[in-house]
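Please look through the sequence and the model below before reading on.

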Amino acid sequence: MTATIDQDAATETWAVPPEAEGYVERDGVRVHWELFGSGERAVLLLPSWSIVPARVWKGQVAHLARRGRVVVFDPRGNGRSDRPSDPSAYDNDEFVDDALAVLDATETERAAVVGLSLGAQRELSLAVRAPERVTHLIFLGPTLPITPPSPHRDNSFTIELETYEGWAKYNEHYWRRDYRGFVEFFFDHSACPSRTRPSSTTTSSAGDCRPTPRR
């Protein structure tokens, strides 16, 4: 594993500039990380999924960085990290190894670890693998058996279906045909509960939450 630090990289995507940023490299895959704030206390904000970069945390980083160090990294497959083509490169253990490498690169001995959605599985694995590196575990909307199953669990991810309506889009064959269509559907429906302007949206019995045209 190697690590490099780039103090002068572009910072226009964050409300506050990072103190440092760089890459860790494992088995030829580079993962981009950023460090914000300073102090003894540290928080590691894990990637939720390769579907989004570290900027998914942009609403939290500035607040937390006033109170300590905040570490984030783009998941392999998104942002400024590499996009390996081998499916095994996205195994859960690979994300855990990336997180540990980022902690080492940022000289973060221990941190409170926060996981959103699928990140909950990774923070649990991290705590089991290296409990001495974890001070707290915080779960946000965890994708774990302790929560009700997601609606797409009714369909097998690998079986080719006759139709791909609704959550049937969560399927390997649909992704190969229209991955953008899945991404738009996923955020359209998963983000629905967080909308704050009901006057500009409509919710159907199927859970659709797309903006209505403005008159």
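In which strand does Val24 lie? Val24 belongs to strand E2, residues 20–26, where strands (E, at least two residues) and helices (H or I, at least four) are DSSP runs numbered from the N terminus. The model is predicted, so that local features need pLDDT of at least 70 and side-chain atom pairs count only at pLDDT 80 or more, whereas totals for chains, interfaces and linings use all residues. Residues are numbered from 1 along each chain as its sequence is written, and side-chain values use heavy atoms, with hydrogens and water left out.

Val24 counts as buried because its relative accessibility is 1%; buried means under 20% relative accessible area, exposed over 50%, and partly exposed in between, with a 1.4 Å probe and protein chains only.

Helix H2 (residues 92–105) has 14 residues, which at 1.5 Å a residue should span 20 Å, and its end C-alpha atoms are 20 Å apart, which agrees; the expected span is 1.5 Å times one less than the number of residues. After H2 comes Glu107, with a positive phi near 55°.

The table gives values for the protein chain.

| Property | Value |
|---|---|
| Secondary structure | 4 helices and 7 strands |
| Buried share of the 215 residues | 45% |
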